[in-house]
Amino acid sequence: LGADVVAVEPHPGNAARVRRNAKINGFDDRVLVCNVAAWHEQATLDFFSRAADTGGSALWNDGGQRKTTVQAQRLDYLLAFERPRMPHMMKIDVEGAEEHVVDGLGDCHPEYVTCELYPYALDKMGSSQGNLRKKMREHGYDMFTLSDTGEKPKFVPENEYLRPHIIANVLFSTQAAVDEAWGEQRVEAAE
């Protein structure tokens, strides 16, 4: 593959699993696991998780979740310190805290950023799809839908909003970068 991976995972058990899986698969020299939360500033945060589902950990409590204290760091600082080159692609899956993570990017602007669009979580963090899109637009990104069949991502016009049933993964990039990666074929705007 040739790509280095920096995995930012605040949950200690999940971070250990990523390290173990990278080692089992022979990628431990290519995967750096940082056991911190991505945030807009260096901070200490309360982090909530369920014993049976550590993948749904969040900065908000739905009730019945265990509280853990985690350290948080800006991604621009973390990436400059750990891997001093610009990432090509970034996946942000932070249960509604996407704006805070993006605020911690500074001048770090990967060509492709995928995010989980989870309206309930965005609301719990005082945000919305509109706020996230505005923040990403400030960084020069447009929003595109992703298909699970590998088709070219579809541009979502600024005045249109997706209505995911629960959660949808979206791409933030530019039309030029999407055209370069998926070819020049034109596709209809997302519905």
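The legends below describe close-up views of a predicted model.

**View 1. The β-α-β unit formed by E1, H1 and E2.** Strand E1 (residues 5-8), helix H1 (residues 12-24) and strand E2 (residues 31-34) are shown. Together E1, H1 and E2 make a β-α-β unit that is right-handed. The two strands run parallel and are joined by 4 bridges.

View 2. Just after the helix comes Gly-26, with a positive phi of about 75°.

**View 3. The largest nonpolar core.** This core has 24 residues. Leu-75, Met-90, Ile-92, Val-113, Met-136, Val-170 and Phe-172 have the most contacts inside it. At least two core residues come from each of helices H2 (75-82), H3 (98-103) and H5 (129-138), and likewise from each of strands E7 (89-92), E8 (112-117) and E11 (168-173). Another core, of 8 residues, lies apart from this one and includes Trp-39, Ala-43, Phe-47 and Ala-97.

**View 4. The surroundings of Val-113.** Neighbours within four places in sequence are left aside here. Val-113 is then in contact with Met-90, Ile-92, Met-136, Tyr-141, Val-170, Leu-171 and Phe-172. Among these, Met-90, Ile-92, Met-136, Val-170 and Phe-172 are listed with Val-113 as having the most contacts inside the largest core.

View 5. Gln-129, Leu-132, Arg-133, Lys-135 and Met-136 are the buried residues of H5. Their arc around the axis is only 160°, so they sit on the same side of H5. The cover over these buried residues includes helices H3 and H4 (119-124), together with strands E8, E9 (142-145), E10 (154-156) and E11. On the face of H5 turned away from the buried side, Lys-134 and Glu-138 are exposed. Just after H5, Gly-140 has a positive phi of about 90°.

Key
Residues numbered from 1 in each chain as written. Predicted model: local features only at pLDDT ≥ 70, side-chain atom pairs only at ≥ 80, totals over all residues. Heavy atoms only, no water. Pairing = 2+ DSSP bridges. Right-handed = clockwise from strand over helix to strand, strands pointing away. Core = buried A, V, L, I, M, F, W, Y, C linked by side-chain atoms within 4.5 Å. Buried < 20%, exposed > 50% of the residue type's maximum accessible area, 1.4 Å probe, protein only. Contact = heavy atoms within 4.5 Å. Arc of directions from axis to C-beta.
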